[in-house]
Every structure is written in C-alpha cells, then in structure tokens.
Amino acid sequence: MKKLLPVIFIMILALSGCQSGDVEESLTPEDIKTFDEVIEDGKVEIDGISYDIKSVSKSTYEYDYEGNIIERTNENNDKKVRTEFTYNENNDVVEEKNYSDGNLIASRIYSYEDDVLKELKVVYEEGLEVITKYSYEEDKEILTSYNLDGSESITATVYKDENGNKLKMVQSLPEQENQTATTNYQYEDDLLIKATTERNDTNTTVHYEYNNVGDKIMEYSITILDDLYFLDATFFEYEYNDKLQPASLNTYRIQSPIEEEDIRKFD
C-alpha cells in the first residue's frame, strides 16, 4: 500500500483542468477555441507523427446556481464513476463521494479552520483511510500525508508568489531520504504554462495550453530516463453550456517513446 500513497498525494496536488470563471459575456460556446490537432480513427497527429490514442474518457458536469460543480460523471471504457460534491457557506468543497454501479467506493472529506484547508481525508470502501494535513507559512504551505500507523508517508513543501501561484514544490519521502522530487512552475497571465520536475533518476517537463476562456486544452509531457525520451500528451475537448461552463469533457491520452529531434519546441 505504501507504493500507492505517493500517487494519491500527487493527485491531491494536481491542478484542475477546468478554470472557466469570469469570461467575456459576449462570447458564445461556438467562439471558444480548442487544440489544433485532429483526432480521428483512434489516432492523433502531433508535429507530423501519427500516434495511437491509448485511452479516452468522458466527463459530464452539473452545477448549482452559484456555479459550483455538484455532480461529475466520468466514463472510461466500461467503467463509470459518479462524484457528488458538497459545499459549505463559503463555497468550499467539504466532501466528494465517488460511486461506481451505485456503490460508494471512496469519499474525500475536507476540513477547514478559519476558512483555510487544514486536512483532507480519503476514505475507501474497504475502510482504508489516507490523511493529508496542511500547514501554512507566509510564502509556503506544507502538505504531509500519513501511513496507516500514523507515520509520515510523504511531505510536500509548496512555495508561492504574492498572487498565490505555486513557484516550486519539493516532495520527499521520510523513509527514503534520497528520494526527492522538485518541481518548478512558470506562468503567463496567471495560467500555468510549464512545470519541470527533477527526480533522482528522471526529469519531466510538462507544457500546458489553454483556450480563450482559460480551460486547459493540452498537456505535453516529456520524461527523460537513461537518455531515453517518453512522450505523454493529453488533449481536452469541451462542450460548453450557455453560461460558458464545461458541460462535458472528452479526454484523449497518448503515451509513446519519442526521438529527441521529434520533441516539440516551445517558445
């Protein structure tokens, strides 16, 4: 189970793909742009090379009158997971319940103190609980995830700028002092455009692209391991409602080795 915890922790830190909020009222769903690549017959061409799409998933969303997501349904192959969201009076999410085939499979419970997130508890159907606690200093927050016996599993220190954007994150495993990961973030117009992670044996660089309402439409990730290069690219295809909120999202992912000369150059 210890191998699972770092993965869960990274998911906790992940940025949301849907960032639609204050957008121009004159825009209509038809005005919203998407990625340039064409997806057809289970393939996508990137920079002149055709890749097989490894996975396709679809998400649909329902909102309350304040614009909060109250239900999300994810479908991947034959598996469907429905998530219900509950909020407090400050519109902070306090609970997420995940259901599959009508059965509760996991709950995420958020606890706040003075309107600040202090703890996240993930409870699985078999009774396993994973707890992450949050503490804060002037320019950083510290997230600590715990094993079942109460010992620390993984710690992440996130450094932020004056606008609250993440500048750097350092992850460490207390039980393995040499296992660390450092991620540096770059922004443009307050949108994350690049994240570079250095680990003991691999380096990963992720580039992000957005549409004209600030929703992520592509992640382009290159991982280097032993002088080999691996591409992981994800495309996000939205349908919007009349309030310019994502009503549905198709996610297409490819994973493939790539030659160094075929890696996309970003400005």
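**View A. The hairpin of S18 and S19 in the predicted model.** Five residues lie between the two strands of this hairpin, in which Leu244 adopts a positive phi near 60 degrees. Strands here are DSSP runs of E with at least two residues, helices are runs of H or I with at least four, and both are numbered from the N terminus. This is a predicted model, in which local features need pLDDT of at least 70 and side-chain atom pairs count only at pLDDT 80 or more, while totals for chains, interfaces and linings use all residues. Residues are numbered from 1 along each chain as its sequence is written, and side-chain values use heavy atoms, with hydrogens and water left out.

View B. Strand S18 (residues 228–240) runs antiparallel to S19 over eleven bridges; strands are taken to pair if DSSP finds at least two bridges between them. Within S19, Ser248 stands opposite Glu239. Strand S4 (residues 55–63) also pairs with S19 (residues 246–257) in the antiparallel sense, over six bridges. Lys58 faces Asn250 in S19 as its opposite residue.

View C. Glu37 lies in the loop between helix H1 (4–13) and strand S1 (39–40). Glu37 counts as buried because its relative accessibility is 15%, the limit for buried being under 20%, with over 50% exposed and partly exposed in between (1.4 Å probe, protein chains only). Leaving aside residues up to four places away in sequence, Glu37 touches Val44, Glu45, Ile46, Met218, Phe235 and Arg264, contact meaning heavy atoms within 4.5 Å. The C-alpha atoms of Glu37 and Phe235 are 8.8 Å apart, although 198 residues separate the two along the chain.
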